[in-house]
Amino acid sequence: MGKSRTKNQKKARLNALRVAQEEYSTIPHSFVFHRGQVGRNVGQLVMDVRRVMEPFTARSLKVRKSNVLKDFVSVAGPLGVTHFVVFSKTPTTVNMRLARLSKGPTMYFKVLKYTLIKDVVSSLKRHRMHQQQFTHHPLLVLNDFGMEGMQVKLMATMFQNMFPTINVHKVNLNVIKRCVLLNYDRVSQEIEFRHYSLKVVPVGMSRGVKKLMQERFPKMSRLEDISELLMKGANLSESEAEQDGEHNITELPQVFSGRGNMCSEQSAVRLTEIGPRMTLKLVKIEEGLGEGNILYHSLVSKSDEELQEMLKKKEVKLKQKEERKKQQEQNIAKKREKREENKKKSLAGMKKKHQQQEEDTDSEVEDPGQHEDLAVADQSDDEAEYYRQAVGEEPDEDMFPTAKRKMSLNKSPRPFKKRKLSTGRESAKMGKKNKGGPKAKHSGKSGDKGQPGEQKQRNQKGSKKFGVKKGEKGLKFKGQKGGAKPAFKKGPGARGVKQGFRRKGKGSD
């Protein structure tokens, strides 16, 4: 039995949850917010109207200055919001817009007068306002909305669709705690908005018995008999002695919460205003959500011809809008194709580059000594350049064989700039040109024949620079008359210019 009860309870809960979700999706929901700068009082009016629309409204809706109407529309869809109540303020008036999502219509009202909840409650001696009243939606009552006129019928339909529908045969009277009254004045065309708290008390008994039923015993010190309390109703306040009449007495079809409210018994329905109050006047009705044809305007009236012209202009605008939209779609498609083409080209280039990198790595693996050869060639190039700077002439071909090819490719077409002589060399050269000048002593060797002293000293300095031993005679380089030419040693010991020369003839090492 226990298991079967558990199963039945689970099924009942799931069924109740499913029914609640279905009912919740069919119930209208609303957003109440303001646009622009409205001030403190209008901001409080927005909060009071949210309190009226509870529990099927966004109580803690946050509005920023940067928000536009499209932001609220985009959020309203997933949340199941069906109506917008938007307040705004101008320097002279307060306006209210009532919009039906998502295809309209939109009604524009002018708020002639309004009173906040705090002002209404402070004016009452005893107010009846508690949190349990706002756990269920209020009961909507429309008065005098049956007159002829498209705008009046549309207003009545809009107000009815803002609140959940009630099935009279299945409704539970205990959940009805509040009432919203909308009264239309045909003469002034104004709408009175009122919000009441609802209370049901039994009738058909004396006031003293009512006191006893409510467990609030009055003072009986002045009474001589209990019958005086039951018959006369002594020591009762004015509010407790309120007279009920035919205007608020009815027969209850169900048992209502409260002592003495029995089924098929006479009870009185009492209303206590809890605010806010508003006096509204319809200005215009517009198709769509703030962008459409004006169906009704209380201040401007147009003829049929003017309406036809407006419709034609609007059709032209719609056609132009469709053409622009098509052009934008074509441009987007072209850009998308071009982007795909560029993407393919970039991928092909990346693939080609990757293949080249793979080929380079393969060639490096196949010929590992290639880098060493290049390093030796670069070193030979450095030695050849050093030789040019030191001597002032191009080296022989067999002197740096590894740099031969590179030198031939990179050889400048201009002649090599000769190195400038120092001050001593210039004076020696000038002395050579002067026939009457003194001549230096010549050595007895054939290699030094006809060489002046300055030139000999210069060659000795050059021999020190290129590694000639101290005490040896200088060498003659290419371009000088007579004498031996420098030559490098061939073999593993030959590394460059700095390792010295081998002199031809006598006195060579």
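Analyst: Helices here are DSSP runs of H or I with at least four residues, strands are runs of E with at least two, and both are numbered from the N terminus. On that basis the chain of this predicted model holds 12 helices and 11 strands. Of its 509 residues, 29% count as buried. Among contacts with a separation of 6 or more, 63% are between residues 24 or more positions apart.

The largest nonpolar core has 35 residues, and F87, F109, M155 and I191 touch the most other members. At least two residues of this core come from each of the helices α2 (39-53) and α5 (150-162). The strands β2 (83-89), β3 (94-100), β4 (106-115), β6 (178-185), β7 (190-202) and β10 (277-286) each supply at least two as well.

Leaving out residues up to four places away in sequence, I191 touches F109, F145, M155, F159, L182, N183, Y184, M278, T279 and L280.

One of the contributing helices, α2, can be followed in more detail. From first C-alpha to last, the 15 residues of α2 reach 22 Å, close to the 21 Å expected at 1.5 Å a residue. The buried residues of α2 include V42, L45, V46, V49, V52 and M53, and D48 and R50 are buried too. An α-helix has 3.6 residues a turn, so residues three or four places apart point the same way.

Technical notes. Residues are numbered from 1 along each chain as its sequence is written. This is a predicted model: local features need pLDDT of at least 70, side-chain atom pairs count only at pLDDT 80 or more; totals for chains, interfaces and linings use all residues. Side-chain values use heavy atoms; hydrogens and water are left out. Buried means under 20% relative accessible area, exposed over 50%, partly exposed in between (1.4 Å probe, protein chains only). Contact means heavy atoms within 4.5 Å. A nonpolar core is a set of buried Ala, Val, Leu, Ile, Met, Phe, Trp, Tyr and Cys residues joined through side-chain atoms within 4.5 Å. The expected span of a helix is 1.5 Å times one less than its number of residues.
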